[in-house]
Amino acid sequence: MTDPMQASGSSFARANRILALALVSAPVYILIALWFAAPEAEEDLAPWVAGAAIGAVVLAWLLAQSIGYRVTPLAFGDSPAVATGRYQQSMLVRFVLTEAPIILGIAATFVLPYGVWTYVVVLVVGLPSMVFHVWPSRRVVDKIATRLESGGVPSGLREAFGHR
């Protein structure tokens, strides 16, 4: 007989993996659109663009590390939906933080004279950061579950994602 908590947990995990995949793949689809929509490059890509892209991604990484994993611990009597809701909220915060340099890269594509290559540089350094923070890996789930459970109430997140 199937445990209903496990069944609902696995659908939650599946839905979050699909959401994470959609979120981290969107910048690649944007690249395809920009390839056709961006103005032609007027100059060769300047080295400072790569430095600025790396700096922006490092700043976003640090922000995601410092505030992206903050969740309020569960209180006695909280339902499992509270834990899953807090997980999703923190995932979206980390996504927004790590996506910011990529969004700036879109704007820079139309402002700077380097064409789509500005966005390509930002995407190459920014996408791994986004995947690291957004994909529901064992590390991410454990980090959030530990913080949710710091008040002594089990979250069930590890079990929901199959990370026992």
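Is Tyr114 buried or exposed? In this predicted model, Tyr114 is buried, with a relative accessible area of 7%; the cut-off for that label is under 20%.

Trp48 belongs to helix H2 (residues 47-67), while Tyr114 sits in the loop between H3 and helix H4 (117-134), so that the pair links distant parts of the chain, 66 residues apart. Trp48 counts as partly exposed, because its relative accessibility is 49%.

A search of the whole structure turns up six aromatic pairs. Another of them joins Phe12 and Tyr87: the ring centres are 6.2 Å apart and the planes stand at 75°, so this pair is edge-to-face. Phe12 comes from helix H1 (residues 4-37) and Tyr87 from helix H3, so the pair ties together parts 75 residues apart in sequence. Phe12 and Tyr87 are both buried, and together with Phe161 they form one aromatic cluster.

Helix H3 (residues 80-111) packs with helix H5 (residues 138-148) at an angle of about 125°, and their axes are 11 Å apart. That angle makes H3 oblique to H5, and H3 passes H5 in a right-handed crossing. On the H3 side, Ala83, Arg86, Tyr87, Ser90 and Arg94 take part, meeting Val140, Val141, Ile144 and Leu148 of H5. The residues of this contact divide into six nonpolar, one polar and two charged.

Technical notes:
Residues numbered from 1 in each chain as written. Predicted model: local features only at pLDDT ≥ 70, side-chain atom pairs only at ≥ 80, totals over all residues. Heavy atoms only, no water. Axes fitted to C-alpha atoms, helices over the stretch in contact; angles between N-to-C directions. Helix = DSSP H or I, 4+ residues; strand = E, 2+ residues; numbered from the N terminus. Parallel < 35°, antiparallel > 145°, perpendicular 65-115°, else oblique. Left-handed = near helix turned anticlockwise from the far one by under 90°. Contact = heavy atoms within 4.5 Å. Nonpolar A, V, L, I, M, F, W, Y, C, P; charged D, E, K, R; others polar. Phe/Tyr/Trp six-rings, centres within 6.5 Å; stacked < 30°, edge-to-face > 60°. Buried < 20%, exposed > 50% of the residue type's maximum accessible area, 1.4 Å probe, protein only.
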